Amino acid sequence: MGENQAITVRKEISAHGGKIIQVTHKSTSTGTNMNFTVYLPPAAMTQKCHTLYYLSGLTCTDDNFTQKAGAFKDASEQGLI
């Protein structure tokens, strides 16, 4: 995202000691709003953490991984964003 692009936090949810943050930004490529979700483990509050990216398919939403993978417990334990 460019320097002048704003993001909007849609929702914050507590999970396994960390936070699930659902975000929207306007895509310069498509001209539409795009959604993504970030999980911040407890360790991210005090130190740098590794990041794991999950790209959903064309017909998926940012909720797919959140609802179906159930990975937040493991991400919390491993300190993965």
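## Thr-24 in strand β2

Thr-24 is buried, with a relative accessible area of 13%. In this predicted model, the residue belongs to strand β2. The cut-off for buried is under 20% relative accessible area, so the 13% of Thr-24 falls within that class.

Leaving out residues up to four places away in sequence, Thr-24 touches Ala-6, Ile-7, Thr-8 and Arg-10, and also Asn-33, Met-34 and Asn-35. With one of these, Asn-35, the side chain of Thr-24 makes a polar contact of 2.7 Å. Arg-10 stands 14 residues from Thr-24 along the chain, and the C-alpha atoms of the two are separated by 6.9 Å.

## Overall layout

The chain has three strands and two helices. Read from the N terminus, the order of the elements is β-β-β-α-α. Along the principal axes, the C-alpha atoms fill a box of roughly 35 × 30 × 20 Å.

Of the 81 residues in the chain, 23% are buried. Among contacts with a separation of 6 or more, 40% are between residues 24 or more positions apart.

## Loops on either side of β2

The loop between β1 (7-15) and β2 contains His-16. Phi of His-16 is near 50°, which is a positive value in a residue other than glycine. Most residues other than glycine have a negative phi.

Ser-27 is placed in the loop between β2 (18-26) and β3 (33-40). Is Ser-27 buried or exposed? At 10% relative accessibility, Ser-27 counts as buried. A polar atom of the Ser-27 side chain lies 3.1 Å from the backbone nitrogen of Thr-30. When neighbours within four places in sequence are set aside, Ser-27 is in contact with Thr-32 and Met-34. Met-34 is also one of the residues touched by Thr-24.

## The aromatic pair

One aromatic pair is present in the structure. Its members are Tyr-39 and Phe-72, whose ring centres are 4.9 Å apart and whose planes stand at 50°, so the pair is tilted.

## The largest pocket

Rolling a probe the size of a water molecule over the atoms shows where empty space is left. The largest pocket holds about 760 Å³ of space. It is lined by 26 residues, and those closest to its centre are Phe-36, Thr-37, Tyr-53, Tyr-54 and Leu-55. Which elements give two or more residues to the lining of the largest pocket? They are β3, α1 (63-68) and α2.

Strand β3 supplies the largest share of the lining, with seven residues. By residue class, the lining of the largest pocket divides into 16 nonpolar, eight polar and two charged residues.

## Thr-37 at the pocket

Thr-37, one of the residues closest to the centre of the largest pocket, is found in strand β3. With a relative accessibility of 24%, Thr-37 counts as partly exposed.

Not counting residues up to four places away in sequence, the contacts of Thr-37 are Ile-20, Ile-21, Gln-22, Asp-62 and Thr-66. Lys-68 is 31 residues from Thr-37 in sequence, and the distance between the two in space, C-alpha to C-alpha, is 13 Å.

Conventions:
Residues numbered from 1 in each chain as written. Predicted model: local features only at pLDDT ≥ 70, side-chain atom pairs only at ≥ 80, totals over all residues. Heavy atoms only, no water. Helix = DSSP H or I, 4+ residues; strand = E, 2+ residues; numbered from the N terminus. Buried < 20%, exposed > 50% of the residue type's maximum accessible area, 1.4 Å probe, protein only. Polar contact = N/O pair within 3.5 Å; in protein donor to acceptor, adjacent residues only side chain to side chain. Contact = heavy atoms within 4.5 Å. Phe/Tyr/Trp six-rings, centres within 6.5 Å; stacked < 30°, edge-to-face > 60°. 1 Å grid on protein atoms, 1.4 Å probe; cavity = no way out; pocket = protein on both sides within 12 Å on 5 of 7 lines; lining within 4 Å. Points joined across faces, edges and corners; volume = space filled by probe spheres on them. Nonpolar A, V, L, I, M, F, W, Y, C, P; charged D, E, K, R; others polar.
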